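Reader: Please take me through one part of this model closely, with the cut-offs behind each term. I would like the overall figures before the detail.

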Amino acid sequence: MSDSYSAWLEFKRFLGLDLDYLGTYTEIEIVVVNETPLRVGSGRGEGLGEADLPIVRGGDGKPFIPGSSLKGVFRSWLEVIHSPEETCRVGDSSHDCCSLKTELIYKLIKGIEKRFYKGFKLEADELKHIIDEINSRKVAERYRRCVGAEEIAKRFDSVVQSIAEGTQVLEIPTLIDKLKNVLVKEKLAPCIICRIFGNKALAAHIGISDAKPVNTDVKTFIRTRIAIERFTKTTLPGALFEYEYIPEGYKWKFKIIVWNIDLGDKGSDTSSKLRFLLENLASIGLFVGGMRSVGHGLLKLVIEESKAKVCKVENAVLKCEVRPIKEFLVPG
Ligand SMILES: [Zn+2]
């Protein structure tokens, strides 16, 4: 692999736009214990003899924790520890803005790569054509929920245009340096959380399976509560309701698959976020499911039973080794 080509791949990795080439693959096998009662609901119960609010169960009738719930909890935890200036928030206008920026950069990268047949360089004039091809204003129209989408599109065009100034040919190292500088300075790159969990224009670098009970025999209980009107704090008429829950102390196993984020790489910002997340799951724990206001759903990592299979692609072959999770819990 030539130096220019590796530098280009490195640049794409920095933007999270690197899933067209697999460099590392990690399979984290996690065991957690629910230290407080757990309730991941499936909506209103309808079956005879069912609680009003049953828990979610698989086709085999056994309770499980959906991977999508775990993913949502992991993502929103990373969101709350960052200031809204640094990262976007799912369900918020900022998420659409982050997606818009990602799509613009993706199109820019593709436009540049299309011209690599002439060698690893770019004629400065070509940038103008690439901007025309992208048609950023049109792209912005598809992200209506982003406040200031049009302004982002304009800013994108002008910073890309600025790279061409004062030069005729951009060699790869210069092109990467300049692009990196302006995209970071102008906050046009996808945020760090999207570079892990994805957004509307970016595939996720992480996949999370459902968590299944390690001890297959999970006994559930029903609790009766009184619904309280939120504002007046009075009991609602006919407000007794039943909910099903899993008592504390069960172990659950699930997998996190990670593409192109090397868990052992101390220099990678996305990798350090994932290690930080795991460390937090081990030391403090994270809340999953409903009834969190009464402390339900605290999951904690069981360190001795969790491990990571870390693989690197070398000459088109995956080389893997299994490491105890403990090695990845060190901060940094
Ligand atoms: Zn984002």
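Author: Of the 332 residues of the protein chain, 32% count as buried, where buried means that 20 or more other C-beta atoms lie within 10 Å of the residue's own, exposed means 12 or fewer, partly exposed covers what is in between, and C-beta atoms are placed from the backbone. The model is predicted: local features need pLDDT of at least 70 and side-chain atom pairs count only at pLDDT 80 or more, while totals for chains, interfaces and linings use all residues. Residues are numbered from 1 along each chain as its sequence is written.

The protein chain has nine helices and twelve strands; these are DSSP runs numbered from the N terminus, with helices being H or I of at least four residues and strands being E of at least two. Its C-alpha atoms fill a box of roughly 75 × 50 × 35 Å along the principal axes. Among contacts in the protein chain with a separation of 6 or more, 70% are between residues 24 or more positions apart; a contact requires C-beta atoms, placed from the backbone, within 7 Å.

The buried residues of α3 are H95, D96, C97, C98, S99, L100, K101, T102, E103, L104, I105 and L108. They pack against α1 (3-15), α4 (124-134), α5 (136-141), α6 (149-163), α7 (172-185) and α8 (192-197).

The largest nonpolar core has 70 residues, of which L100, I105 and A149 touch the most other members. Such a core is a set of buried Ala, Val, Leu, Ile, Met, Phe, Trp, Tyr and Cys residues joined through C-beta atoms within 7 Å. The largest share of this core, six residues, comes from α3. Leaving aside neighbours within four places in sequence, L100 is in contact with V139, A140, Y143, C146, A149 and I152.

Two of the helices that α3 packs against, α6 and α7, also pack on each other, at an angle of about 150° with their axes 10 Å apart. Axes are lines fitted to C-alpha atoms, for helices over the stretch in contact, and angles run from 0 to 180 degrees between N-to-C directions. That angle makes α6 roughly antiparallel to α7, a label for angles over 145 degrees. The contact is made by V159, S162 and I163 of α6 and K178, L179 and V182 of α7.

Between α4 and α5, which are also partners of α3, the loop contains N135. The phi of N135 is near 50°, a positive value in a residue other than glycine. N135 counts as partly exposed because it has 13 C-beta neighbours inside 10 Å.

For comparison, N260 is in the loop between β8 and α9 (269-283), and has a positive phi of about 60° although it is not a glycine. N260 counts as buried, with 21 C-beta neighbours inside 10 Å. Strand β8 (residues 251-259) holds I256, which is buried because it has 22 C-beta neighbours inside 10 Å. Not counting residues up to four places away in sequence, I256 touches I28, I30, I206 and I208.

Terms used. Parallel < 35°, antiparallel > 145°, perpendicular 65-115°, else oblique.
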